[in-house]
Amino acid sequence: MALKNWMIILGIVLWTADLSIAVNKSMSPMETLQGSFDQIITILNDPSYKAGQEKVTQRNKIWRIARPIFNFDEISRRVVGKPWNHFSPDEKKRFSVVFSDFLGFTYIDKLQGEFNQVQIDFAKELVRGSKAIVRTRLRRKNQEIPIDYRMHRVDESWKIYDILLEDGLSLVKNYRVQFTSILKNNTPAQLIEQLERKLAQQYPST
């Protein structure tokens, strides 16, 4: 399957975490993810969000629910790679904010157009100290796709820092390739400005 299609499918399960679960310190990694899938699916299938400005409302509602479960500071560090050490503290903060919004809105946008009759089965969780992998299977029409969530403990809560598909496609590695190429000829500030412009152009109502 093409990379674009894989990443669209990845998006279906990317934004599925509830703030109330994210801050519940007694939850296991699997419970942290599992508890809110039904809520997100309900929002995505709600016909009242299907047209016009309501789709923006739907997107923003999903994003407010989903964002707390991801460690975007860690994801940002990983997607940039070694050049992260050359970012100033302010540049790190700006990048993390704009990248998280750009990533979130991009995939939620695709979710709103692609989502249809998806079921997610939780297989098992593997926990080693402060890190864990939650193995799931996404079932969509005639497809069954293994998806692994890489998580770690942050302030006693479990948060996602990468997602893997069956062919080894990693969310982090996919973006690292892109940003490494851009940073060969651009400064961190220029990369951030590019992302900010794209975000403003594609989502002016944000």
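User: Which residue is the bridge partner of Val 154 in S4?

Analyst: This is a predicted model. In it, Val 154 has Ser 157 of S4 as its bridge partner. Strands S3 (residues 143-154) and S4 (residues 157-165) pair in the antiparallel sense, over eight bridges. Two residues lie between these strands in the hairpin, and Asp 155 there takes a positive phi near 50 degrees.

User: How many bridges join S2 to S3?

Analyst: Strand S2 (residues 131-140) runs antiparallel to S3, and 10 bridges join them. Arg 140 stands opposite Gln 143 in S3. The hairpin of S2 and S3 also has two residues between the strands, with Lys 141 at a positive phi near 55 degrees.

User: What describes a pair of aromatic rings?

Analyst: The distance of the centres and the angle of the planes describe such a pair. The count here is 12 aromatic pairs. One of them, Phe 99 with Tyr 175, is edge-to-face, with 5.3 Å centre to centre and 75 degrees between the planes. This pair links helix H7 (residues 89-114), which holds Phe 99, to helix H8 (residues 171-183), which holds Tyr 175; the two residues are 76 residues apart.

User: Are Phe 99 and Tyr 175 buried or exposed?

Analyst: Both Phe 99 and Tyr 175 are buried.

Conventions:
Residues are numbered from 1 along each chain as its sequence is written. This is a predicted model: local features need pLDDT of at least 70, side-chain atom pairs count only at pLDDT 80 or more; totals for chains, interfaces and linings use all residues. Side-chain values use heavy atoms; hydrogens and water are left out. Rings of Phe, Tyr and Trp (its six-membered ring) pair if their centres lie within 6.5 Å; planes under 30 degrees apart count as stacked, over 60 as edge-to-face and the rest as tilted. Helices (H or I, at least four residues) and strands (E, at least two) are DSSP runs, numbered from the N terminus. Buried means under 20% relative accessible area, exposed over 50%, partly exposed in between (1.4 Å probe, protein chains only). Two strands pair if DSSP finds at least two bridges between them.
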